[in-house]
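I open these notes to record what I looked up, entry by entry. The structure is shown first and my entries follow.

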Amino acid sequence: MIGKLKNLFAGNSERLNFSVLGTDMHSHLIPGIDDGAKNLDHSLALLETLKGMGYQKVVTTPHINWEHYPNTAEKILTGLSEVQEAAKARALDIEIKAAAEYFLDEHFEQLLEQKALLPIHQNWVLVEFSFFGAHPRAEEWLFKMQTFGYRPILAHPERYLYYREDWSKYSRLLDLGCTFQLNLLSICGYYGNEVRKNAEWLLKKGVIQLLGTDLHHERHVESLQNGLANSNLLQDLLKKDSWLNTELV
Ligand SMILES: [Fe+2]
């Protein structure tokens, strides 16, 4: 696995440079607990790839979604320790931390009320909506997060096509205190043309502050590689030095 991923980047080192971001703050690299890395070797291979892409730090974010991935902070942090130890044993020189990607539902509300959320950094917490429609109480929960001292980062707003190019919807989320995190894979076209167009529209609006890989597996690595080779927009984004990623140190 590691050899295969390394080869994907052979000969492209000049173009494959995400180092301006410093930290990747959205990925699924704790083995076996969601739809990301399947086992420890897979996790290490993906981390080695991120290192090769120029990242110095990874805050990996397993799903906490009570219907599909009923993970707990304890389970995530236990997995993190295993990954950190294995990375150290292999002399993999990248800082690894963990938080979570919280699906907004009633279980999330319970964790919020217990003040038991795992933040990306300080009080910043990564949250996501369903791809079929936001929960009717989503706005209430976003507001409540801030009353409990958290700052919501909305994962991949460009992928919620039910809001596609609807400024009233997105500005409402910004008014509710959300910071928007775009998936680099959206620019690469991994999720299709409609998501790519919506991502470009949000970027033109100037409301994206964080970029994440949302890396799950090697197909995502291949798409990032293709994007870097073929997308001028992605290259331009990686020349900016104003991304909030750089504050996640
Ligand atoms: Fe994710």
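Entry 1, a bridge between two strands. I looked up Ala155 and found that it stands opposite Gln181 in S8. The model I am reading is a predicted one. I then checked Leu154, whose bridge partner in S8 is Phe180. S7 and strand S8 (residues 179-183) are parallel to each other and are paired over three bridges.

Entry 2, the other pairing of S8. I turned to S9 and noted that S8 pairs with S9 over four bridges, again in the parallel sense. Here Leu182 has Leu211 of S9 opposite it. I also asked how many of the five residues of S8 are buried. I found that four of the five are buried, so S8 is largely enclosed by the rest of the structure.

I traced the order of the six strands as S3-S5-S6-S7-S8-S9, an open sheet with parallel pairing. Strand S3 (63-64) and strand S9 (208-212) are at its edges; each has a single partner strand, so one side of each lacks a neighbour in the sheet. I followed the chain from S7 through helix H6 (residues 167-175) to S8 and recorded a right-handed β-α-β unit.

I found an open sheet of three strands, in the order S1-S2-S4 and with parallel pairing. Its edge strands are strand S1 (23-24) and strand S4 (95-98), each of which pairs on one side only. I looked at how S1 meets strand S2 (residues 57-60): the two run parallel and two bridges join them. In S2, Lys57 is the residue opposite Thr23.

Which residues of helix H5 (residues 138-147) are buried? I listed Trp141, Leu142 and Met145. These residues lie on the same side of H5, because they cover an arc of only 100 degrees around the axis. On the other side of H5, I noted that Phe143 and Thr147 are exposed. I next looked up what covers the buried residues of H5, and the cover includes helix H4 (106-113), strand S6 (124-128) and strand S7 (151-155). Just after H5, I recorded a positive phi of about 90 degrees at Gly149.

I looked up the largest nonpolar core, which has 65 residues; Tyr102, Val125, Leu126 and Ile153 touch the most other members. Helix H2 (residues 40-52) gives the most to this core, namely five residues. I then listed the contacts of Tyr102, not counting residues up to four places away in sequence: Ile64, Phe108, Leu117, Val125, Leu126 and Val127.

Where is Ser231 found? I located Ser231 in the loop between helix H9 (218-230) and helix H10 (232-237). Leaving aside neighbours within four places in sequence, I found Ser231 in contact with Ile187 and Cys188. Finally, I looked up Ser231 and Ala134, which are 97 residues apart along the chain, and noted that their C-alpha atoms are separated by 30 Å.

Notes
Residues are numbered from 1 along each chain as its sequence is written. This is a predicted model: local features need pLDDT of at least 70, side-chain atom pairs count only at pLDDT 80 or more; totals for chains, interfaces and linings use all residues. A nonpolar core is a set of buried Ala, Val, Leu, Ile, Met, Phe, Trp, Tyr and Cys residues joined through C-beta atoms within 7 Å. A residue is buried if 20 or more other C-beta atoms lie within 10 Å of its own, exposed if 12 or fewer, and partly exposed in between; C-beta atoms are placed from the backbone. Two residues are in contact if their C-beta atoms, placed from the backbone, lie within 7 Å. Two strands pair if DSSP finds at least two bridges between them. The arc is that of the directions from the helix axis to the C-beta atoms. A crossover is right-handed if, with the strands pointing away from the viewer, the path from the first strand over the helix to the second runs clockwise.
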